Amino acid sequence: MHILILLFYIVILFAVVMLHVAYATYFERKIIGHMQVRMGPMEVGWHGLLQPIADGVKCFFKEDVIPENVDAFGFRMAPVVSLAAMVGALAVLPFAPGWVIADIDIGLLYIFAMSGLASYGVILAGWSSNSKFSFLGGLRSMAQVISYEIAMGLSLVGVMLLSGSLNLTTIVEAQSGTFGGMYIFPQIIAFGIFFVAMLAETNRVPFDLPEAEAELVSGYSTEYSGMRYAIFFMAEYVGMLVMSALGTICFFGGWSGPFAVPFFPALWFVLKVYAFMFVFIWIRATMPRYRYDQLMELGWKWLIPLALANIVVTAVCKVLF
Amino acid sequence: MDFIPREYLGILLLLLFGSLFGVLTLFIGRFFRLSRPYREKLIAYESGNEPTEEPRMRFSVKFYLIAILFVLFDVEAIYLYPWAVTYDFLGLFALIEMLLFIFLLLVGYVYAWKKGALEWTK
């Protein structure tokens with residue numbers, strides 16, 4: 001493929017994802033608003049539809065405070081590292097047959113690598129801010145992300161066993177055809193583990209301890225303001241998108257649906273991803289926060305043994321049947 | 001552009017694009033946003049008080065332990081990936097090999113548990 005065509009695809013993907021990020025915040029505020037019997041944003045545009053644009057413009061023009069005791073380079077780069085790594089993970093996601101920037105054979109491994117890289121941004125921010133709240137937030141985030149990374153990696157081994165590939169397109173194709181072909185049915189336990197680990201990896205409620213506002217102000221992003229804060233925010237929402245897409249691809253058959261949609265083959269994929277996003281937000285409106293020792297206990301003492309047992313059972317079943 | 005496989009060229013470009021977006025928005029924003037720093041604004045946030053002592057204080061050794069355990073378990077998880085992908089070709093032999101491997105992993109895991117490495121509140 002010509003490099004210009006590739007660049008064109010990248011620009012389109014990036015624009016769509018940034019639009020998604022903007023409206024995901026609107027989606028979240030509206031849903032939480034209605035779940036708490038409020039209206040959510042209503043003022044800017046019809047039913048607040050222009051609110052994300054207004055927020056973006058506001059963040060862009062806000063003062064960028066860099067406190068005097070920070071490690072300037074790390075402090076300035078941390079949001080960019082987070083965002084770039086998460087955007088990089090988008091490259092391997094197949095949105096529809098052929099709609100993928102890089103159809104590589106190690107897709108799953110690459111996504112793990114990129115989500116691990118994104119947590120460097122958080123740790124860098126926590127360390128370089130030179131503030132107690134940021135430091136504690138960064139530490140907590142590091143310990144939490146690496147603990148759940150193992151559970152997530154092990155839970156997806158079941159999917160690899162069934163599909164025999166790390167390539168995300170192949171994984172989707174292995175599930176398409178019938179409704180019962182979706183890996184959610186044979187791998188329901190793996191999906192449960194994956195789902196919990198996904199919430200923890202993206203630092204969402206009930207595992208949002210790195211930014212627990214009741215005790216750590218805003219965690220690693222305490223010292224950030226203006227556009228730098230907005231970039232951290234974007235990275236978090238792109239991360240949610242990547243994890244939702246990964247769940248859709250590995251357990252819900254990606255782009256395959258009950259009937260093919262003309263002109264927009266990615267429709268089923270988008271609907272499934274948004275269902276995931278809705279559950280993310282629903283959980284945020286419902287669940288209280290975990291305590292830190294409970295979080296570590298859940299990750300190390302429950303999810304990891306369960307994931308190992310799931311691998312063994314899947315492998316034995318594959319030999320027997 | 002023969003020195004990079006096409007698929008990886010896409011990844012490289014997307015990564016560059018992502019970082020350029022971040023750097024450029026921040027750089028262009030410099031010319032538009034105001035900047036009125038004063039001393040109180042520039043000290044680290046500590047609930048409105050003057051910051052006491054160094055923020056990079058001594059922290060729990062548990063974090064270090066978790067990091068070490070992570071390295072062990074993640075390497076072992078990585079060994080499972082190629083096994084899972086080639087499982088169809090290798091069959092029963094691979095199953096027995098992997099059961100042995102997971103058994104060894106479990107021994108280490110139980111040891112770490114019994115030693116109290118997984119207890120956060122001790």
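1. What is the mean pLDDT of chain B, and what share of its residues reach 70 or more? The mean is 82, and 95% of the residues reach 70 or more. pLDDT is the predictor's confidence in each residue, on a scale from 0 to 100. Within chain B, helix α2 (residues 39-42) has the lowest confidence, with a mean of 78, while helix α5 (residues 92-114) has the highest, at 87.

2. Some housekeeping. This is a predicted model, where local features need pLDDT of at least 70 and side-chain atom pairs count only at pLDDT 80 or more, while totals for chains, interfaces and linings use all residues. Residues are numbered from 1 along each chain as its sequence is written, and chains are lettered from A and ligands numbered from 1 in the order in which they are written. For the complex, the predictor gives an ipTM of 0.85 and a pTM of 0.90.

3. Now have a look at chain B itself. It has five helices and zero strands (DSSP runs numbered from the N terminus: H or I of at least four residues for helices, E of at least two for strands). Its radius of gyration is 25 Å, whereas a compact globule of 122 residues would be near 14 Å (taken over C-alpha atoms; the globule rule is 2.2 Å times the number of residues to the power 0.38). The C-alpha trace spans about 70 × 55 × 20 Å along its principal axes. Of the 122 residues, 16% count as buried; buried means 20 or more other C-beta atoms within 10 Å of the residue's own, exposed means 12 or fewer, and partly exposed is in between, with C-beta atoms placed from the backbone.

4. On to where the chains meet: 67 residues of chain A are in contact with 54 residues of chain B (C-beta atoms, placed from the backbone, within 7 Å). On the chain A side, α12(A) gives the most, with 13 residues. By class, that side has 44 nonpolar, 10 polar and 13 charged residues. Here Ala, Val, Leu, Ile, Met, Phe, Trp, Tyr, Cys and Pro count as nonpolar, Asp, Glu, Lys and Arg as charged, and the others, Gly among them, as polar.

5. Chain A is split into domain 1 (1-59) and domain 2 (62-320), with bounds from an automatic or database domain assignment. Their centres, taken over C-alpha atoms, are 20 Å apart. 17 residues of domain 1 are in contact with 17 residues of domain 2. α1(A) gives the most to the domain 1 side of that contact, with 14 residues, and by class this side has 12 nonpolar, three polar and two charged residues.

6. The largest nonpolar core has 125 residues (a set of buried Ala, Val, Leu, Ile, Met, Phe, Trp, Tyr and Cys residues joined through C-beta atoms within 7 Å). A:Met86, A:Ala151, A:Ala197, A:Val238 and A:Val242 touch the most other members. α10(A) gives the most to this core, with 17 residues. Both domains of chain A give residues to this core, so it lies between them.

7. A:Ser115 counts as buried because it has 23 C-beta neighbours inside 10 Å. Leaving aside neighbours within four places in sequence, A:Ser115 is in contact with A:Ala89, A:Glu201 and A:Gly239. A:Gly239 is 124 residues from A:Ser115 in sequence, but 7.7 Å in space, C-alpha to C-alpha.

Methods: Two residues are in contact if their C-beta atoms, placed from the backbone, lie within 7 Å.
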